[in-house]
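Hi,

Here's the structure I promised to pass on. Have a look, and then read my notes below.

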Amino acid sequence: MIQRLLYMSAMGTVAVCAVCLVRFCLRRMPKIFSYALWFVVLFRLLCPVSVPMPISVYQLFSASAAGTQGNTVDHQAVLENDRLKSTGITGPMVKNGSGQTQPKRSMAASGQNRADRMWNLFFVVWLCGVGVFAVFTGADLFCLSKKIKYARLEREPIYLLDKITSPFVAGILHPRIYLPYGLSEQERTYILYHEQTHIRRKDPLFRALFYLALVLHWFNPFVWAAFFLSGRDMEMSCDEQVLRGLGMEIKCDYSQSMLEMAQGKREVPIRSLSFGKNNIKKRIQHVLHYKRVSKQALFVSVLAVVLTIAVLGTDPVSRAATAARLANTQQTAGRQDSSTQAEGGRTGGAEKTDSDPAGAQHAAALDAGGAAVPKERDTRSAIISVRSVSSSARCIDRYVAPDDTWEETYGDEIAFSKDCRFFINDCRDTLDAHSVSFRAFAKAIAKGDAYQNKPCLIEIDEKKRQIQSITLISGRYQKGVSYAWISGTFETDAVLNKRYDKYHAVRMESMDITSAPGEETVQIYKWQESGCAFGEAVVQDSAGNPFWSFEVSEQGMCQCNLYVGRMDGSKEPFLLEMHLENRDTYGEYSYYMYTLDVQNGTYVQSKGCSIEWAKDSSLLYEADEMMKFFHLLEHYLHDSHLLVGLEMREGQLRLRTEPDCDENRYTYENCAPDCFTDL
């Protein structure tokens, strides 16, 4: 039983991955197509058999398994077992300590016993997991039954229930709609249309069956993902049906109704056989951006769904026949190889040694990622701003040099070597680039304005004056988004030459924020000069010697804050530096997360992101990118507090030294650029 369950779970995993891929391709199509794809996943998780067809995607896995099985057959062992069975003996005979002859226990039998014990252990663990689910589901249903027994019937199947803020559907064979009191006529119209769509499509039954699949396959994370994604597609497809039925002009009112229904905490537990509304933010965004699609797009979507169901819903053809066919093929190939080798021995044509020395040398020069590693070359790493790449000459023909002597050394154009490696970084706040072809790299550089600077990290051979590898630091530079970093070292002498005894000490904190042993001390100071307030955070080593500082003043042009925090509750603190500059027509937001390396006098950075904009430029401002920036920043501010910084109050920068947590202070709603309010 447990082996069959694991087999079904494996086939369900393949189906989930395939559905997610097709679902991504159909992301701009009506969600009813994405929702329909999950039925084949449910079928694979609950039904152990299916119709065999050659188009089944599992044919690939079946053939592979058959080939492996064919390679591991021990023909001599099979012949020996047949001989022993004909004599009535089930195994080899040996003499024991008393001289009596008895069958020898085979290694296969011992291994089988160990495998049986492992299967039994796994069955017990699986059964415990199912039991936990059963207990929680029973508790949910019990609490739900206590709540809904006081519901008042308005008309079948609509019931009114007190102490709830959001409507929901409960039941499988005879589902009922439960509404809160006090709904307006417009809200009732939208809600009833949505919930009746659920009932008409038998969504409660589908949700219950998927929950059963989740209980049976609770150990499989892909099933959990499928459970939640199918619920999201189900709700969004119902929202689309409401818009098609009541008219596209109700988008704003319908979205407002969903937002109001999401206010407050649900009082009814909705986990298994009842379901309510989730992912309100994504649903509202989907409703506002929903558009009707053409008939051609609908036809392609239907064809894609039907083909996916056919490929995933069928079994491979005759695994035994496939295995036999592969075995016969291997035997035939073996005879041909033997014949070829015998003939090659006579003619000398079978020799392969030293036939491809160049290929062997090239293979030896490959690194773990599969890219060629230059041998004993003097290289230099630098960051240049690339403006254009010539595909015909295979070089950088326009760029901004990092220093004054660069162009004198390397010239106006820099060529790529024959084995140059190209990378593009699409991460927002870290450098994790992926390898691309030269054509893809040149195409990415060509986007945007011709004079727009695209920072690239290069590794150049100083002897040949050729680039060995180049990384486009941001694949989102057109939208102003880029990985940001702090370069250079901190000035120890400048810190030591200051006299902090004349400043007002606000507070002191101890923490471990460097690679040196022991804890460091952060001293917060503030003072007044020429009617302007200054603030500074000074870091001292374990001996009390200052070695790094961070200073802000009200004379600055942007908000600049320094925080200390711990990522996700870990014991390793970090410093978080944030800069917000918002002008009338342009600006830039950035943050850097790092620690200090006292031994080398440098910054050790782990995260960093910047987003910039200009009203009349080639930058493509998108509110979604800005929201993601603040979402990441808010995540880092969650377990952090301020050391020193500035805040914009009534159009003026004001000094801050209180250890506040600013998790909800810097959000898109509070900091969105004023020049793009019309978007």
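Are Arg-23 and Asp-233 buried or exposed? Both Arg-23 and Asp-233 are buried, where buried means under 20% relative accessible area, exposed over 50%, and partly exposed in between (1.4 Å probe, protein chains only).

Quick heads-up: this is a predicted model, where local features need pLDDT of at least 70, side-chain atom pairs count only at pLDDT 80 or more, and totals for chains, interfaces and linings use all residues. Residues are numbered from 1 along each chain as its sequence is written, and side-chain values use heavy atoms, with hydrogens and water left out.

Now the salt bridges (a side-chain nitrogen of Lys or Arg within 4 Å of a carboxyl oxygen of Asp or Glu). The count comes to 19. One of them joins Arg-23 to Asp-233, with the closest N and O atoms 2.8 Å apart. Arg-23 sits in helix 1 and Asp-233 in helix 8, so this pair ties together parts that are 210 residues apart in sequence. Helices (H or I, at least four residues) and strands (E, at least two) are DSSP runs, numbered from the N terminus.

Arg-656 and Asp-662 also form a salt bridge (3.0 Å, N to O), and both are buried. Salt bridges with shared partners join Glu-647, Arg-649, Arg-656, Asp-660, Asp-662 and Arg-665 into one network.

Then check out strand 13: six of its seven residues are buried. Strand 10 runs parallel to strand 13, joined by six bridges, while strand 12 runs antiparallel to strand 13, also with six bridges. Thr-471 in strand 13 stands opposite Phe-423 and also opposite Leu-457.

Cheers

Notes:
Pairing = 2+ DSSP bridges.
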